[in-house]
Amino acid sequence: MTNDTPPPNSPANNAPAAPGSQPANNAQPNPFVSNIDWYGWAPEGNDGSTGLRLPELMDRLLSDPKNEGRGIFLGENHNEPAMRQSLARLMPKLRLDGVSTVSIELPQDVIDGIAKGNLAPEKRQWLSDDAYNSMKEVVDAAKRNGIKVIGHEMPGIIPTDRMYNANERMEILRNLYKERIGTYEGLNERNRFAANYIEENRSSGKLVVLGGMLHSGMLLSNEPAIPTAASQFHTQLGTDVKGYRGLDRLLGIPSINYHHGTAEDIGMTYRSH
């Protein structure tokens, strides 16, 4: 997992509400999101929109006939554990709803190491304590509920041949953003790998995919807030420029993206298809 998610800066009243509710403050449809059935803002608040909590919104999208029971994409900010913590707590309900596989944006060998409690230090060094602990919550909760966990990140993107100091890790990540992670070509490559890996390794039943928000075809903000090379997305959100469609579109599943808040009260944006 790499920190390829944008800072969540978009205000609620810039996004349209879900069908059946009135847009906040007469908001206009987001011009940066195209070719989708509907796009909405679902915070827990009084901005005039749905006010759905994450479990309710997941129920709504997982039961959408257009989704055909395939699953849902959860876009997270890797710096915030809220989406992971929520997913872990929802695991018993997801099992009852027919979810059989959770796929996470980490290489499979890292998922295996977390599951077995023996992740090598050379791999552990790239995860903060919050990231590791909250990811372990997800993996452990899935195991307790009989849900298969797979890791859909391409292997070998981040070096694990030795231990690196903090400055070395920062320089490696900076170069990765510039040359691979923060480019259309790099994201397309990773998304295609992820989609193929998920389809080949998932169990029958519904699917939950957890990944960084940039891997969704929908981003949260049209403000120039994404650092480094990824800032190019702010002029072309949700479009098919250079063939970028997002992992959710490749899998044909709806998406929910984290915007702000804690595990108990998450503000989200979403699209149905």
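Two notes before we start. The model is predicted, so local features need pLDDT of at least 70 and side-chain atom pairs count only at pLDDT 80 or more, while totals for chains, interfaces and linings use all residues. Residues are numbered from 1 along each chain as its sequence is written, and side-chain values use heavy atoms, with hydrogens and water left out.

**Exercise 1. Get an overview**

Find how many helices and strands the protein has, and what percentage of its residues is buried.

*Step 1.* The protein has eight helices and seven strands. Helices (H or I, at least four residues) and strands (E, at least two) are DSSP runs, numbered from the N terminus.

*Step 2.* Of the 273 residues, 53% are buried. Buried means under 20% relative accessible area, exposed means over 50%, and partly exposed is in between, with a 1.4 Å probe and protein chains only.

*Step 3.* Now take contacts, meaning heavy atoms within 4.5 Å. Among contacts between residues at least 6 apart in sequence, 77% join residues at least 24 apart.

**Exercise 2. Follow helix α5**

Work out how α5 is placed against α3, and which residues of α5 are buried.

*Step 1.* The axes of α3 (residues 108–116) and α5 (residues 129–144) come within 9 Å and cross at roughly 75°. Axes are lines fitted to C-alpha atoms, for helices over the stretch in contact, and angles run from 0 to 180 degrees between N-to-C directions.

*Step 2.* The two helices are therefore roughly perpendicular to each other. For such labels, angles under 35 degrees count as roughly parallel, over 145 as roughly antiparallel, 65 to 115 as roughly perpendicular and the rest as oblique.

*Step 3.* From α3, the contact uses Ile111, Ile114 and Ala115; from α5, it uses Tyr132, Met135, Lys136, Val139 and Lys143.

*Step 4.* In α5, the buried residues include Tyr132, Met135 and Val139. The elements that the buried residues of α5 pack against include α2 (82–96), β3 (99–104) and α3.

*Step 5.* Just past the end of α5, look for Gly146, which takes a positive phi of about 70°.

**Exercise 3. Look at two single residues**

Where do Ile104 and Thr160 lie, and is each of them buried or partly exposed?

*Step 1.* Ile104 sits in strand β3. With 1% relative accessibility, Ile104 counts as buried.

*Step 2.* Leaving out residues up to four places away in sequence, Ile104 touches, among others, Ile111, Met135 and Val139.

*Step 3.* Thr160 is in the loop between β4 and α6 (166–181). Its relative accessible area is 37%, so Thr160 is partly exposed.

*Step 4.* Beyond its neighbours within four places in sequence, Thr160 is in contact with Glu122, Lys123 and Trp126. The C-alpha atoms of Thr160 and Ala120 are separated by 9.0 Å, although the two residues are 40 residues apart along the chain.
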